[in-house]
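This report looks at selected residues in one protein model. Please keep the sequence and the 3D view at hand while reading.

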Amino acid sequence: VQRARGDRADQWDMGGTCEARNLLVSLPGGHRFKRAIVQGDISAKGEWTGKALKQLTSADIGIRSGGVSLRAELTEPVANPTPDSIFSIHLQTDGRLENLNESLRPWLPETLYSAEGRLTGSALAKVSRSGGSLLKADYLLNQPRINYENRWYVQPSLTVKFTGNADWPSGNFSTQDMTVVGESISLRIQGEASREKTDLDVVWKADLEGLQKSVGSTIARAASIELMRRISYRPVSRVSYRVAGMSDGKLKITGGPSDWKIDATASATDLAIRGPVDTRNLPPGMTRGVYAPSQGRTFGRVLDPSPNKTLGQVLWQEPELRMDGAVYYNTETGIIKLPGLHVASDWFSGTLQGSIRSDGPIMSAELKGPARWEMDLVAQKLSTLLGSSVRASGIHEGPIEFSLTSSATQSMSILVKGDLGWDECEVAGIRLGRSSLPFEMTSQKMKIAQSTIPILSSDPPSAGGSTEAGKASFAAEVNY
């Protein structure tokens, strides 16, 4: 302390360094962790009166341990500082998420099981002994891998920028601008959220295939895996479907704490659904073609029969798909209700009603509603599927049903039921009159129920089959 003359306050100055080895830290809840070496430094200045610090003018504290470097700098003077005072700080961080996750475990969600990667960046915050608030943040995560609720999320890099007020420990926050940008997804969020009430606007863009690859189920830890085991070359493995394309949209999220409403508008371009990838184990010296699935035609295009194919078959393709409507979600039941979701493409439009249920890794969806089909464009897709020319005219309206189930142990199962109709249709030189055909379609096959179709003309004349007075009985099943 440097004594001052007259009425001026004495000047207080502190500086120093420290080092601790084999430091054992016990945190609330019984959580403990150990650090081999912890190093720190501090410098601070202020005004001293009598036996107390009248004002803390500046402070700079640094801590380095286990691949983590933290530095906090006071940005505003604090009068008559106590442990309960609020300190405005500029925080700089550079370190491994693994170590940060371990150190901050008591204050993190229980469902956040682990975190890996490197975190660098800075933040402006106000902190005290009882809590704090984040005002601004700019962070870069390199190769983050997050294990949350038995699923992992990974990106090559992720940039997070935040301006607003995020309160701890309440978890309430409001933001004028928050952005999250990665290789496969970008988000922009504005609004406020709390345990009682939320009103957020979200704008997003996503690479659907890249996003799907960045999310997966967790695997057993190394300690639970046998050190040695025989290798099986049976041509069997668990496979999954892939969704490709670019998507963007807007969400308005309101409600809370258990009932939520989401007004959504979304679109996708170059959308494609691919079948399972052939990733089975092969005996040494054996080519994949021995076990490769038969190649064929799909709704998307004729496939290259190369045995070295690394991508699954294209089961469905859409140049553009649009969706909009309200979604209601209850966090206690895990049920999503759709009172009227409008879906449209260049050949199809419909309004679907129903629900989506999720229970851990198990998910199921049941949707149905009226649909409208542009039959000339539907015929083009059927031509690709059947491998022969199909032409149709007219606009057909009728009901459609859609169901989907998936789990962590089984591939996704899809079933679409409805009916296709036309004013006039021509297949293999046979002209057909106005008809309606009930159909069922899965990811493996399409089935058309027994129907009676009027025949207008045949070139060459039709032969065989059941015909009477210009009518024919028809049914079909196509595997693809």
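A residue is called buried if its relative accessible area is under 20%, exposed if over 50%, and partly exposed in between, using a 1.4 Å probe and protein chains only. The model is predicted, so local features need pLDDT of at least 70 and side-chain atom pairs count only at pLDDT 80 or more, while totals for chains, interfaces and linings use all residues. Residues are numbered from 1 along each chain as its sequence is written, and side-chain values use heavy atoms, with hydrogens and water left out.

**Cysteines and burial**

Cys-18 is exposed because its relative accessibility is 53%. Cys-425, at 4%, is buried. A disulfide is a pair of cysteine sulfur atoms within 2.5 Å, and the count by this rule is 0.

| Residue | Relative accessibility |
|---|---|
| Ser-184 | 5% |
| Trp-347 | 8% |
| Trp-373 | 5% |

**Around Ser-184**

Helices (H or I, at least four residues) and strands (E, at least two) are DSSP runs, numbered from the N terminus. Ser-184 sits in the loop that joins β11 (173-182) to β12 (185-193). Contact means heavy atoms within 4.5 Å. Leaving out residues up to four places away in sequence, Ser-184 touches Gln-155, Lys-205, Ala-206, Asp-207, Gly-210 and Leu-211. With Gly-210, the side chain of Ser-184 reaches the backbone oxygen at 3.5 Å. A polar contact is a pair of N or O atoms within 3.5 Å; within protein, one must be able to donate a hydrogen and the other to accept it, and residues adjacent in sequence count only if both atoms are side-chain atoms.

**Aromatic rings**

Rings of Phe, Tyr and Trp (its six-membered ring) pair if their centres lie within 6.5 Å; planes under 30 degrees apart are stacked, over 60 edge-to-face, and the rest tilted. How many aromatic pairs does a search of the whole structure find? The search finds 5. In one of them, Trp-347 and Phe-348 have ring centres 5.6 Å apart and planes at 45°, so this pair is tilted. Trp-347 and Phe-348 are both buried. Trp-347 also forms a tilted pair with Trp-373, at 5.6 Å centre to centre and 35° between the planes. This pair links distant parts of the chain, 26 residues apart: Trp-347 is in the loop between β18 (335-345) and β19 (348-359), and Trp-373 is in strand β20 (residues 362-374). Ring pairs join Trp-347, Phe-348, Trp-373 and Phe-439 into a cluster.
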